[in-house]
Amino acid sequence: MKEIWVEALQEPKTRSKILLASVVTIFILSGMPFFFGYIEKRNGVVLNDWLLARIPSYNVSIIIFALIWGMGGLIVSRALYNPNIYIRYAWTLFFVNLTRMATILLFALNPPHGMVYLIDPISGIFYGNKVITKDLFYSGHTSTMVLVFLCLEKRRDKIISFIATISVMVLLLIQHIHYTIDVLAAPVFVYIIFLITNRFLKLQNPPKSVGNNA
């Protein structure tokens with residue numbers, strides 16, 4: 001693993017992509033508490049969601065938390081043996097967060113009826129450890145799961161990630177954390193951003209030594 005990263009950092013273009021990805025990630029994550037603090041004070045509209053109106057709300061925070069951070073652990077473990085995974089994930093996540101901020105600003109929404117607050121001590125850090133209810137269109141939780149699925153390379157990993165992603169999407173609706181449109185729009189946005197980002201990065205195939213990741 002060390003040799004793989006040393007080799008990647010010795011290549012100037014790859015090194016710049018890794019370092020810049022780290023910088024922009026830290027930058028946008030540090031600004032998120034201020035952004036969502038502003039959003040939470042803003043009044044919006046409540047959508048008439050046909051599907052949510054027919055689903056009783058339940059607290060499934062623990063399952064959502066386990067799935068999201070379980071997949072987070074998986075993508076980290078794979079990225080340790082393949083710097084390209086880290087580069088793709090970090091840069092795409094940066095642009096996903098930018099577009100999410102834009103859509104959240106554009107579409108002022110109040111939370112769905114029956115919302116049960118999501119208990120997630122880790123992602124709460126990015127919200128300034130405050131309860132945020134208006135981080136809605138489009139779903140950040142779904143976006144994260146879809147991005148993990150897109151960045152993983154092994155077939156088995158993708159199958160596990162796909163099942164986890166669909167599960168999280170369903171569970172978000174069960175807990176009424178998001179409107180249906182928030183959840184359904186996320187894969188579309190993330191896939192388009194992922195394709196554009198990959199074309200922008202022009203990453204080469206990973207070295208054969210990355211095969212240790214199997």
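Predicted model: local features only at pLDDT ≥ 70, side-chain atom pairs only at ≥ 80, totals over all residues.

Reader: Is helix 5 mostly covered or mostly open?

Author: Mostly covered, with 10 of the 12 residues buried. Among them are His-141, Met-145, Leu-147 and Cys-151.

Reader: What's doing the covering?

Author: The cover for those buried residues includes helix 3 (61–79), helix 4, helix 6 and helix 7.

Reader: Switching topic: which peptide bond is cis?

Author: The one joining Phe-137 and Tyr-138, with omega at about 5 degrees. Tyr-138 sits in the loop between helix 4 (83–106) and helix 5 (140–151).

Reader: Which residue has a positive phi although it is not a glycine?

Author: That's His-176, with phi at about 60 degrees. You'll find His-176 in the loop between helix 6 (155–174) and helix 7 (180–201).

Reader: Is His-176 buried or exposed?

Author: Buried, because its relative accessibility is 5%, and the cut-off for buried is under 20%.

Reader: Let's zoom out. How many helices and strands are there in the chain?

Author: There are 7 helices and 0 strands.

Reader: And how much of the chain is buried?

Author: Of its 214 residues, 48% count as buried. The accessible surface is about 11500 Å², and carbon and sulfur atoms make up 70% of that.

Reader: What about contacts along the sequence?

Author: Taking contacts between residues at least 6 apart in sequence, 87% join residues at least 24 apart.

Reader: Which residues does UniProt list under "transmembrane region"?

Author: The unreviewed entry gives 18–38, 58–77, 89–109, 136–152, 159–177 and 183–201.

Reader: How much helix is there in residues 89–109?

Author: That span is 86% helix and 0% strand, with its end C-alpha atoms 28 Å apart. For residues 159–177, the chain is 84% helix and 0% strand, and the end C-alpha atoms are 25 Å apart.

Definitions and conventions: Residues numbered from 1 in each chain as written. Heavy atoms only, no water. UniProt positions renumbered as here; feature names shortened; annotations may be inferred. Helix = DSSP H or I, 4+ residues; strand = E, 2+ residues; numbered from the N terminus. Buried < 20%, exposed > 50% of the residue type's maximum accessible area, 1.4 Å probe, protein only. Contact = heavy atoms within 4.5 Å. Areas by Shrake-Rupley, 256 points an atom, 1.4 Å probe, with all protein chains shown as cover.
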